[in-house]
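I am opening a notebook page to write down what I look up in this structure, one entry at a time. Each entry begins with what I wanted to know and goes on to what I found.

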Amino acid sequence: MAYTSTPARSRAIAVETLVAVFNGRSLDDALPHDADPFARALVYGVLRHRTRLEALLTPLMAKPAQPGTPLQALLLSGIYQLLDMDTADHAALNETVNACALLDLSGVRGLVNAILRRVQREHPALVAALPDDPVVQHSHPHWMVRDITRDWGAQANAVLAAGNQQGPMTLRVNARKLSRDAALEQLAAAGHPGRAVVGLPDAIVLDPARLGKVQHGLRRLGLNAELLLSDAADVRRWWDGTPFDRILIDAPCSGTGVIRRHPDIKWLRRDTDLKALGDTQARL
(Lines give C-alpha, C1' and ligand atoms only; values in the text may rest on other atoms or scores of the structure.)
Protein backbone atom coordinates (compact mmCIF):
# COMPACT_ATOMS: atom_id res chain seq x y z
CA MET A 1 0.00 0.00 0.00
CA ALA A 2 1.40 3.39 -0.97
CA TYR A 3 1.74 6.09 1.64
CA THR A 4 2.56 9.78 1.80
CA SER A 5 6.16 10.18 2.91
CA THR A 6 6.68 12.57 5.82
CA PRO A 7 9.53 12.59 8.36
CA ALA A 8 7.33 11.08 11.08
CA ARG A 9 5.75 8.59 8.68
CA SER A 10 9.17 7.40 7.52
CA ARG A 11 10.07 6.64 11.10
CA ALA A 12 6.76 4.91 11.72
CA ILE A 13 7.27 2.70 8.65
CA ALA A 14 10.73 1.81 9.93
CA VAL A 15 9.35 0.92 13.35
CA GLU A 16 6.57 -1.25 11.90
CA THR A 17 9.13 -3.07 9.77
CA LEU A 18 11.47 -3.61 12.72
CA VAL A 19 8.65 -5.00 14.85
CA ALA A 20 7.78 -7.46 12.10
CA VAL A 21 11.40 -8.63 11.79
CA PHE A 22 11.88 -8.82 15.56
CA ASN A 23 8.86 -11.12 15.62
CA GLY A 24 10.10 -13.49 12.93
CA ARG A 25 9.34 -12.05 9.49
CA SER A 26 12.13 -11.66 6.95
CA LEU A 27 13.22 -8.14 6.08
CA ASP A 28 12.46 -8.65 2.39
CA ASP A 29 8.90 -9.56 3.29
CA ALA A 30 8.38 -6.94 6.00
CA LEU A 31 9.81 -3.80 4.37
CA PRO A 32 7.23 -2.07 2.10
CA HIS A 33 8.43 -1.93 -1.48
CA ASP A 34 7.73 1.80 -1.63
CA ALA A 35 9.44 2.68 1.65
CA ASP A 36 11.56 5.81 1.22
CA PRO A 37 15.38 5.76 1.48
CA PHE A 38 15.41 7.20 5.00
CA ALA A 39 13.11 4.48 6.33
CA ARG A 40 15.22 1.82 4.63
CA ALA A 41 18.47 3.21 6.03
CA LEU A 42 16.95 3.36 9.51
CA VAL A 43 15.72 -0.24 9.37
CA TYR A 44 19.02 -1.62 8.11
CA GLY A 45 21.00 0.39 10.64
CA VAL A 46 18.96 -0.73 13.65
CA LEU A 47 19.14 -4.36 12.53
CA ARG A 48 22.89 -4.15 12.04
CA HIS A 49 23.49 -2.61 15.48
CA ARG A 50 20.54 -3.98 17.43
CA THR A 51 22.37 -5.48 20.42
CA ARG A 52 24.51 -2.39 20.97
CA LEU A 53 21.44 -0.16 20.78
CA GLU A 54 19.58 -2.39 23.24
CA ALA A 55 22.53 -2.22 25.63
CA LEU A 56 22.46 1.58 25.40
CA LEU A 57 18.71 1.68 26.03
CA THR A 58 18.49 -0.71 28.98
CA PRO A 59 19.98 1.53 31.71
CA LEU A 60 17.78 4.44 30.63
CA MET A 61 14.51 2.76 31.57
CA ALA A 62 13.26 1.90 35.03
CA LYS A 63 11.15 -0.83 33.43
CA PRO A 64 12.72 -2.29 30.28
CA ALA A 65 10.71 -2.05 27.08
CA GLN A 66 9.39 -5.42 25.98
CA PRO A 67 11.50 -6.81 23.11
CA GLY A 68 9.83 -6.73 19.73
CA THR A 69 7.27 -4.06 20.66
CA PRO A 70 6.68 -0.76 18.83
CA LEU A 71 7.95 1.18 21.85
CA GLN A 72 11.24 -0.67 21.91
CA ALA A 73 11.69 -0.40 18.15
CA LEU A 74 10.90 3.32 18.23
CA LEU A 75 13.45 3.97 20.99
CA LEU A 76 16.13 1.92 19.24
CA SER A 77 15.52 3.81 16.02
CA GLY A 78 15.72 7.15 17.84
CA ILE A 79 19.02 6.22 19.49
CA TYR A 80 20.41 5.05 16.16
CA GLN A 81 19.50 8.37 14.53
CA LEU A 82 21.21 10.34 17.28
CA LEU A 83 24.40 8.29 17.38
CA ASP A 84 24.95 6.80 13.95
CA MET A 85 23.02 8.67 11.25
CA ASP A 86 23.77 11.98 9.61
CA THR A 87 20.54 13.39 11.00
CA ALA A 88 20.17 16.69 12.85
CA ASP A 89 19.50 16.08 16.54
CA HIS A 90 16.35 18.18 16.55
CA ALA A 91 14.92 16.17 13.63
CA ALA A 92 15.82 12.86 15.22
CA LEU A 93 14.15 13.93 18.47
CA ASN A 94 11.08 15.73 17.20
CA GLU A 95 10.10 13.42 14.36
CA THR A 96 10.66 10.28 16.38
CA VAL A 97 8.37 11.69 19.07
CA ASN A 98 5.86 12.72 16.39
CA ALA A 99 5.84 9.14 15.11
CA CYS A 100 4.22 8.11 18.42
CA ALA A 101 0.87 9.36 17.15
CA LEU A 102 1.14 7.13 14.06
CA LEU A 103 2.04 4.07 16.11
CA ASP A 104 -0.69 4.30 18.76
CA LEU A 105 1.95 5.36 21.28
CA SER A 106 0.70 8.85 22.09
CA GLY A 107 0.61 7.96 25.78
CA VAL A 108 4.39 7.55 25.92
CA ARG A 109 5.44 10.67 24.01
CA GLY A 110 6.91 12.15 27.17
CA LEU A 111 8.88 8.99 27.93
CA VAL A 112 10.28 8.78 24.40
CA ASN A 113 11.24 12.45 24.45
CA ALA A 114 12.93 12.17 27.85
CA ILE A 115 14.97 9.10 26.92
CA LEU A 116 16.16 10.48 23.60
CA ARG A 117 17.12 13.81 25.15
CA ARG A 118 19.15 11.96 27.74
CA VAL A 119 20.93 10.05 24.97
CA GLN A 120 21.61 13.36 23.25
CA ARG A 121 23.17 14.80 26.43
CA GLU A 122 24.99 11.76 27.78
CA HIS A 123 25.92 9.64 24.78
CA PRO A 124 29.73 9.76 25.30
CA ALA A 125 29.37 8.31 28.80
CA LEU A 126 26.69 5.84 27.71
CA VAL A 127 28.85 4.52 24.87
CA ALA A 128 31.93 4.31 27.11
CA ALA A 129 29.96 2.20 29.61
CA LEU A 130 29.05 -0.48 27.07
CA PRO A 131 30.44 -3.96 27.89
CA ASP A 132 33.63 -4.93 26.08
CA ASP A 133 31.87 -7.96 24.66
CA PRO A 134 31.82 -8.78 20.92
CA VAL A 135 28.17 -9.77 21.21
CA VAL A 136 27.39 -6.16 22.16
CA GLN A 137 30.12 -4.32 20.29
CA HIS A 138 29.43 -6.11 17.00
CA SER A 139 25.73 -6.89 17.52
CA HIS A 140 25.77 -10.56 16.59
CA PRO A 141 23.95 -13.33 18.49
CA HIS A 142 25.93 -15.36 21.01
CA TRP A 143 26.01 -18.54 18.95
CA MET A 144 27.27 -16.72 15.86
CA VAL A 145 30.03 -14.96 17.81
CA ARG A 146 31.00 -18.31 19.33
CA ASP A 147 31.25 -20.07 15.97
CA ILE A 148 33.02 -17.21 14.18
CA THR A 149 35.52 -16.91 17.04
CA ARG A 150 36.17 -20.65 16.88
CA ASP A 151 36.63 -20.68 13.11
CA TRP A 152 38.48 -17.38 12.59
CA GLY A 153 40.49 -16.90 15.77
CA ALA A 154 42.38 -13.61 15.76
CA GLN A 155 40.43 -12.46 12.69
CA ALA A 156 37.05 -12.91 14.36
CA ASN A 157 36.55 -9.25 15.27
CA ALA A 158 37.31 -8.19 11.69
CA VAL A 159 34.81 -10.73 10.36
CA LEU A 160 32.14 -9.53 12.78
CA ALA A 161 32.81 -5.89 11.96
CA ALA A 162 32.59 -6.62 8.24
CA GLY A 163 29.15 -8.12 8.79
CA ASN A 164 27.87 -4.70 9.86
CA GLN A 165 29.14 -2.84 6.81
CA GLN A 166 26.84 -1.97 3.94
CA GLY A 167 27.57 -4.30 1.05
CA PRO A 168 28.22 -2.99 -2.48
CA MET A 169 26.16 -3.95 -5.51
CA THR A 170 28.23 -5.91 -8.05
CA LEU A 171 27.03 -6.41 -11.62
CA ARG A 172 28.29 -8.72 -14.34
CA VAL A 173 28.29 -7.07 -17.75
CA ASN A 174 26.89 -9.08 -20.64
CA ALA A 175 29.94 -8.86 -22.90
CA ARG A 176 27.87 -9.97 -25.89
CA LYS A 177 25.92 -6.72 -25.64
CA LEU A 178 28.55 -4.15 -24.65
CA SER A 179 31.96 -3.76 -23.06
CA ARG A 180 32.52 -3.08 -19.39
CA ASP A 181 33.83 0.41 -20.18
CA ALA A 182 30.74 1.21 -22.26
CA ALA A 183 28.53 -0.06 -19.43
CA LEU A 184 30.37 2.16 -16.94
CA GLU A 185 29.80 5.18 -19.20
CA GLN A 186 26.09 4.43 -19.56
CA LEU A 187 25.67 3.94 -15.82
CA ALA A 188 27.50 7.17 -15.04
CA ALA A 189 25.35 9.07 -17.53
CA ALA A 190 22.25 7.70 -15.82
CA GLY A 191 23.49 8.86 -12.42
CA HIS A 192 24.76 5.46 -11.19
CA PRO A 193 28.56 5.67 -11.15
CA GLY A 194 30.45 2.43 -10.76
CA ARG A 195 33.98 1.08 -10.79
CA ALA A 196 35.76 -1.82 -12.42
CA VAL A 197 36.84 -4.83 -10.36
CA VAL A 198 40.50 -5.83 -10.67
CA GLY A 199 40.85 -9.36 -12.00
CA LEU A 200 37.21 -9.62 -13.07
CA PRO A 201 36.93 -8.12 -16.57
CA ASP A 202 33.13 -8.21 -16.71
CA ALA A 203 32.38 -6.97 -13.18
CA ILE A 204 31.17 -3.54 -12.05
CA VAL A 205 30.59 -2.42 -8.46
CA LEU A 206 27.74 0.16 -7.83
CA ASP A 207 25.65 2.29 -4.74
CA PRO A 208 23.17 -0.36 -3.31
CA ALA A 209 20.04 -1.06 -5.45
CA ARG A 210 17.34 -3.67 -5.77
CA LEU A 211 17.60 -6.24 -8.51
CA GLY A 212 14.62 -6.85 -10.69
CA LYS A 213 12.87 -10.16 -10.89
CA VAL A 214 14.56 -13.01 -12.74
CA GLN A 215 12.32 -12.83 -15.79
CA HIS A 216 12.77 -9.08 -16.11
CA GLY A 217 16.54 -9.54 -15.94
CA LEU A 218 16.46 -12.21 -18.63
CA ARG A 219 14.45 -10.01 -20.98
CA ARG A 220 16.78 -7.06 -20.40
CA LEU A 221 19.81 -9.20 -21.27
CA GLY A 222 18.18 -10.70 -24.32
CA LEU A 223 18.25 -14.21 -22.84
CA ASN A 224 15.63 -16.92 -22.62
CA ALA A 225 15.01 -19.48 -19.93
CA GLU A 226 12.16 -21.72 -18.84
CA LEU A 227 11.27 -20.86 -15.24
CA LEU A 228 9.67 -23.48 -13.03
CA LEU A 229 8.55 -23.32 -9.41
CA SER A 230 8.99 -26.70 -7.76
CA ASP A 231 10.91 -28.69 -5.16
CA ALA A 232 14.27 -29.26 -6.86
CA ALA A 233 14.78 -32.49 -4.94
CA ASP A 234 11.47 -33.94 -6.18
CA VAL A 235 12.80 -34.60 -9.67
CA ARG A 236 9.76 -36.53 -10.88
CA ARG A 237 7.56 -33.47 -10.57
CA TRP A 238 9.50 -31.26 -12.98
CA TRP A 239 12.02 -33.27 -15.05
CA ASP A 240 10.94 -34.86 -18.34
CA GLY A 241 13.97 -37.16 -18.49
CA THR A 242 15.99 -35.13 -21.00
CA PRO A 243 19.63 -35.07 -19.84
CA PHE A 244 21.27 -31.78 -18.88
CA ASP A 245 24.78 -30.76 -19.92
CA ARG A 246 25.33 -29.13 -16.54
CA ILE A 247 23.36 -28.40 -13.39
CA LEU A 248 24.13 -25.41 -11.19
CA ILE A 249 22.55 -25.54 -7.74
CA ASP A 250 22.09 -22.36 -5.72
CA ALA A 251 21.43 -24.34 -2.58
CA PRO A 252 19.70 -22.92 0.51
CA CYS A 253 22.25 -21.96 3.13
CA SER A 254 22.57 -20.16 6.45
CA GLY A 255 22.98 -16.81 4.72
CA THR A 256 25.66 -15.80 7.21
CA GLY A 257 27.94 -14.81 4.34
CA VAL A 258 25.57 -12.04 3.25
CA ILE A 259 24.71 -10.55 6.64
CA ARG A 260 25.80 -7.06 5.65
CA ARG A 261 23.16 -7.07 2.90
CA HIS A 262 20.57 -8.90 5.00
CA PRO A 263 21.12 -7.96 8.66
CA ASP A 264 17.87 -9.62 9.68
CA ILE A 265 19.63 -12.98 9.22
CA LYS A 266 21.45 -12.38 12.52
CA TRP A 267 18.17 -12.35 14.40
CA LEU A 268 16.16 -14.89 12.41
CA ARG A 269 18.72 -17.68 12.08
CA ARG A 270 19.40 -20.19 14.89
CA ASP A 271 22.39 -22.45 15.35
CA THR A 272 20.02 -25.43 15.14
CA ASP A 273 19.17 -24.37 11.57
CA LEU A 274 22.62 -25.28 10.27
CA LYS A 275 22.28 -29.06 10.36
CA ALA A 276 18.86 -28.93 8.69
CA LEU A 277 20.26 -26.72 5.94
CA GLY A 278 23.17 -29.12 5.46
CA ASP A 279 20.75 -32.02 5.14
CA THR A 280 18.77 -30.12 2.51
CA GLN A 281 21.93 -29.35 0.55
CA ALA A 282 22.90 -33.03 0.59
CA ARG A 283 19.40 -34.00 -0.57
CA LEU A 284 19.60 -31.59 -3.50
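**Entry on the surface**

Which residues form a nonpolar patch on the surface, and how much accessible area do they have together? Before answering, I note that I am working with a predicted model. I found that the patch is formed by Val235, Trp238, Trp239, Phe244, Ile247, Ile249 and Leu284, which together have about 650 Å² of accessible area. I then picked out Trp239, one of these residues, and located it in the loop between α12 (214–221) and α13 (265–268). Trp239 counts as partly exposed, because its relative accessibility is 37% and that class lies between the 20% limit for buried and the 50% limit for exposed.

**Entry on the whole protein**

I stepped back to look up the overall numbers. The protein has 14 helices and three strands, and its C-alpha trace spans about 65 × 45 × 40 Å along the principal axes. Of its 284 residues, 37% count as buried. The accessible surface comes to about 17,200 Å², and carbon and sulfur atoms account for 54% of that surface. I also looked at contacts with a separation of 6 or more, and found that 64% of them involve residues 24 or more positions apart.

**Entry on the nonpolar cores**

How many residues does the largest nonpolar core have, and which of them have the most contacts inside it? I read off 48 residues, with Val46, Leu47, Leu74 and Val112 having the most contacts inside the core. At least two residues of this core come from each of α1 (7–22), α2 (27–30), α3 (37–48), α4 (50–57), α5 (70–84), α6 (89–98) and α7 (109–128). The largest share is that of α1, which supplies nine residues.

Thr96 is buried, because its relative accessible area is 0%. With residues up to four places away in sequence again left out, Thr96 touches Arg11, Leu74, Gly78, Gln81, Ala91, Val112 and Leu116.

Is His90 buried or exposed? His90 also has its place in helix α6, but it is exposed, because its relative accessible area is 54%.

**Entry on a histidine in a loop**

I found His138 in the loop between α8 (134–137) and α9 (142–152). Although it lies in a loop, His138 counts as buried, because its relative accessibility is 15% and the limit for buried is under 20%. Apart from neighbours within four places in sequence, His138 is in contact with Arg48, Asn157, Leu160, Ala161, Asn164 and Lys266.

**Entry on cysteines**

How many disulfides does the structure hold? I found zero. For my own reference, a disulfide is a covalent bond between the sulfur atoms of two cysteines. I looked up Cys100, which counts as buried because its relative accessibility is 0%, and then Cys253, which counts as partly exposed because its relative accessibility is 46%.

Methods
Residues are numbered from 1 along each chain as its sequence is written. This is a predicted model: local features need pLDDT of at least 70, side-chain atom pairs count only at pLDDT 80 or more; totals for chains, interfaces and linings use all residues. Side-chain values use heavy atoms; hydrogens and water are left out. Patches are made of residues with over 30% relative accessible area and no salt bridge: like charges are joined within 9 Å, nonpolar side chains (Val, Leu, Ile, Met, Phe, Trp, Tyr) within 5 Å. Accessible areas come from the Shrake-Rupley method with a 1.4 Å probe; for residues, only the protein chains shown count as cover. A salt bridge is a side-chain nitrogen of Lys or Arg within 4 Å of a carboxyl oxygen of Asp or Glu. Helices (H or I, at least four residues) and strands (E, at least two) are DSSP runs, numbered from the N terminus. Buried means under 20% relative accessible area, exposed over 50%, partly exposed in between (1.4 Å probe, protein chains only). A nonpolar core is a set of buried Ala, Val, Leu, Ile, Met, Phe, Trp, Tyr and Cys residues joined through side-chain atoms within 4.5 Å. Contact means heavy atoms within 4.5 Å. A disulfide is a pair of cysteine sulfur atoms within 2.5 Å.
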